[in-house]
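Colleague: I would like to learn how to read the contacts between aromatic rings in a structure. Could you take me through them step by step?

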Amino acid sequence: KKATLLVEGQAKTLCPVDTGNLRESIHPKVENLGNEIKGTVYTACEYAAFVEFGTGIKGQGTYPYTIDGLTLQYRQDGWGYEDPKTGDMIWTHGQKAKPFMYPALNMNKSKVESMIKLFFE
């Protein structure tokens, strides 16, 4: 549990903030699966992946990490959406990646590994 709280705190620190909804949606979860304990830090926010990995032409090539099994594909044309604050139509070609979840884990990897080792000693 301590390891998930550590990573959660780091993710919230790194998370870009506009309304605060994304940051507040980051939570830890610990599951006892019999022979294994699984710790997860997650967000169910519908746009979290767009912030983490970027979008469109502007986002392509801006995610600085390589994650095994993950292939990123970016939309190559522009698109519009309604700004929820103003109701105005916004046209975009995407946004650069603003990673916060993966770096939070990466930055604390050695601390998490040390916590796990201490648990089993």
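Colleague: How many aromatic pairs does the count come to here?

Modeller: Please keep in mind that this is a predicted model. The count comes to three aromatic pairs. One of them joins Y63 and Y65, which are edge-to-face, with 5.4 Å from centre to centre and 65° between the planes.

Colleague: What describes a pair of aromatic rings in general?

Modeller: Such a pair is described by the distance of the centres together with the angle of the planes. Take Y65 and Y102, whose ring centres are 5.1 Å apart and whose planes stand at 65°; because an angle over 60 degrees counts as edge-to-face, this pair is given that name.

Colleague: Which parts of the chain does the pair of Y65 and Y102 tie together?

Modeller: Y65 lies in the loop between α4 (56-59) and β3 (79-82), whereas Y102 belongs to helix α5 (residues 101-107), so the pair ties together parts that are 37 residues apart in sequence.

Colleague: Is Y63 buried or exposed?

Modeller: Y63 is buried, at a relative accessible area of 9%, while Y65 is partly exposed at 28% and Y102 is partly exposed at 26%.

Colleague: Which residues do the ring pairs link into a cluster?

Modeller: The cluster that the ring pairs form consists of F53, Y63, Y65 and Y102. As for a charge over a ring, the charged end of K29 sits over the ring of Y42, at 5.8 Å from the centre of that ring.

Methods. Residues numbered from 1 in each chain as written. Predicted model: local features only at pLDDT ≥ 70, side-chain atom pairs only at ≥ 80, totals over all residues. Heavy atoms only, no water. Phe/Tyr/Trp six-rings, centres within 6.5 Å; stacked < 30°, edge-to-face > 60°. Buried < 20%, exposed > 50% of the residue type's maximum accessible area, 1.4 Å probe, protein only. Helix = DSSP H or I, 4+ residues; strand = E, 2+ residues; numbered from the N terminus. Lys NZ or Arg CZ within 6 Å of the ring centre and 35° of its normal.
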